[in-house]
Amino acid sequence: ERSNKNTLRNYHSRFNGKGPNSQGWITITENSIRQSFDLTRVMFSRGNITEKIRFGQLVQPNEVILDMYAGIGYYTLPALIHGNALHVFACEWNPNALFALRHNIQDNCIEEDRVTILEGDCRTTVSGALDKARRVQAQSLSSDNGKDVYQDTLLLRGVDRISLGLLPSSEGGWETAIRSLRRDVGGWLHIHGNVPQSERNQWIQWVCIRLFEIACNEEEEEEEEEGERSRCNWIV
């Protein structure tokens with residue numbers, strides 16, 4: 001515990017005016033998870049506590065999770081702490097939320113090798129990570145950096161469950177999400193959206209149709225790419 005506090009202190013010392021050094025820094029404990037953030041710079045909603053609890057219960061041990069809109073760890077933390085996920089890829093582009101996310105991972109004593117933080121637009125960072133993983137696969141896996149190879153292998157296999165917790169709509173990330181799922185057994189998408197209660201059923205139908213269209217397009221693109229690789233191999 002003392003070592004963990006020293007690590008946090010060293011981390012915060014590099015960010016004057018952020019973290020516990022800022023006047024707006026608070027800590028909220030929900031479902032036995034400590035969530036700290038600067039309330040003047042980052043949003044927080046108590047209204048989604050039921051969904052955060054449910055997500056942690058649905059995550060299965062040894063699953064690989066992609067949290068495309070991680071924030072301060074709203075769903076990343078329950079997946080790791082209560083769901084016992086094998087690994088979480090957490091995407092975020094807000095520097096203040098990223099600061100809080102890293103703090104909360106350390107503050108909740110989560111092992112660093114169970115989380116990979118992808119900074120920036122998730123549609124770009126996830127695609128970039130997938131491309132990097134493919135390059136690693138094409139090369140020898142006898143790398144000196146075992147952690148990077150391990151993470152690349154997990155991502156290349158595909159993830160089991162994806163959190164799309166962006167409101168009012170996460171549709172912009174659906175193509176990336178489907179592309180990231182496991183190809184052998186598929187996976188789960190947790191899609192959030194603001195929808196009037198009277199339109200709930202129509203929205204569900206629309207989401208299913210849209211996801212089917214994206215999946216079909218993705219399959220066609222993969223077949224075209226495979227054909228190109230086959231032709232290249234034949235020419236060589």
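User: Where does pLDDT stay under 50?
Analyst: Over residues 228-236. The model has zero contacts beyond four places in sequence for that stretch. Contact means heavy atoms within 4.5 Å. pLDDT is the predictor's confidence in each residue, from 0 to 100. Where pLDDT is low, the predicted coordinates should not be read in detail.

User: What about the chain overall, and what are the ground rules?
Analyst: Mean pLDDT is 84, and 78% of residues reach 70 or more. This is a predicted model, where local features need pLDDT of at least 70, side-chain atom pairs count only at pLDDT 80 or more, and totals for chains, interfaces and linings use all residues. Residues are numbered from 1 along each chain as its sequence is written, and side-chain values use heavy atoms, with hydrogens and water left out.

User: Switching to Ser 36. Is that residue buried or exposed?
Analyst: Buried, because its relative accessibility is 0%. The cut-offs are under 20% relative accessible area for buried, over 50% for exposed, and partly exposed in between (1.4 Å probe, protein chains only). Ser 36 is in strand S2, residues 33-38. Strands are DSSP runs of E, at least two residues; helices are runs of H or I, at least four; both are numbered from the N terminus.

User: Which side chain does Ser 36 make a polar contact with?
Analyst: Thr 27, at 2.6 Å. A polar contact is a pair of N or O atoms within 3.5 Å; within protein, one must be able to donate a hydrogen and the other to accept it, and residues adjacent in sequence count only if both atoms are side-chain atoms. Setting aside neighbours within four places in sequence, Ser 36 also touches others, including Trp 25, His 103 and Asp 107.

User: Now aromatics. How many pairs are there?
Analyst: Five. Rings of Phe, Tyr and Trp (its six-membered ring) pair if their centres lie within 6.5 Å; planes under 30 degrees apart are stacked, over 60 edge-to-face, the rest tilted. Phe 55 and Tyr 75 are edge-to-face, because their planes sit at 80°, with centres 5.6 Å apart.

User: What does that pair tie together?
Analyst: Parts 20 residues apart in sequence, because Phe 55 is in helix H2 (49-58) and Tyr 75 is in the loop between strand S3 (64-67) and helix H3 (76-81). Phe 55 is buried at 1%, and Tyr 75 is buried at 5%.

User: And the Trp pair, what geometry?
Analyst: Trp 174 and Trp 206 are tilted, 5.5 Å centre to centre with 50° between planes. Trp 174 is in helix H7 (residues 174-180) and Trp 206 in helix H8 (residues 200-235), 32 residues apart. Trp 174 is buried at 1%, while Trp 206 is partly exposed at 37%.
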